[in-house]
Amino acid sequence: EDQEMRRSHELMNISDVMSLTIAAETGHVDYANPRAKEYYYSSSPLKMENGEQKALNLTDIFETCIWENDCERAESWSCLKGLNLQSHPLEFECRKIGRMNDEIDRWHRMVFVPCINPATGSVSLFLNEYDISQLKQTEGDLTAANDAQDSFVASVTHDLRTPLNGMIGLSDALIQDPRCPDYIKKNLRVIKTTGNRLSMLVNDILDAASARRNTLTVKHEQCDVAEIVQNVLDIVSP
């Protein structure tokens, strides 16, 4: 068992994941691997107290989290304090107090696992912290890119609709004019049908943008199949 414990400590010492063991009863940190010490002791505002190294505890770790509001903070703390050996691991993502050399907002995924500390035999919380700052930065960039794309699509489709509506309206007016010869009316109907089809394609582009935002509304309407077939024949006929 001693050999397995040494191996476990060796693996945690070289891991990029921040690992800590916290006594459940007192909240004191019994063990922190080098990655955790680098953040909590070397670069954190909690690193010194009266010129000496401060003993880290669960409250200090919690205070490095930046919460959206007091309600979220209180709920997270309540869930954390309610952990016991029968509890499932508690996992949440939160923004953390940054270090001076951080170029982007620091985000961590924190996983608390209730367990028995083999070194002390007492109930403890095993904490793994994963730095997901780059992932959050990428998600933000993707969201901004999608918003820019949706804005571009909305602008382009608006510019397309304006001339299409004019073409469709003018064609319809000429079709209704009794002075217009029948052979010209046939061509005008093709122009009108094609314009309506293009207008539908523009609407499809807007629907695709709505589908990405999960705001697409599906409507069930009756249609004239014979009219649709005739419109297709008018378009493809010479």
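Student: Among contacts in the chain between residues at least 6 apart in sequence, what share joins residues at least 24 apart?

Tutor: This is a predicted model: local features need pLDDT of at least 70, side-chain atom pairs count only at pLDDT 80 or more, and totals for chains, interfaces and linings use all residues. Numbering runs from 1 along each chain as its sequence is written, and side-chain values use heavy atoms, with hydrogens and water left out. Contact means heavy atoms within 4.5 Å. For the contacts you describe, the share is 49%.

Student: Is tyrosine 40 buried or exposed?

Tutor: Buried means under 20% relative accessible area, exposed over 50%, partly exposed in between (1.4 Å probe, protein chains only). Tyrosine 40 has a relative accessible area of 0%, so it is buried.

Student: Which geometry does the aromatic pair of tyrosine 39 and tyrosine 40 take?

Tutor: Rings of Phe, Tyr and Trp (its six-membered ring) pair if their centres lie within 6.5 Å; planes under 30 degrees apart count as stacked, over 60 as edge-to-face and the rest as tilted. The structure holds five such pairs. Here the centres are 4.8 Å apart and the planes are at 80°, making the pair edge-to-face.
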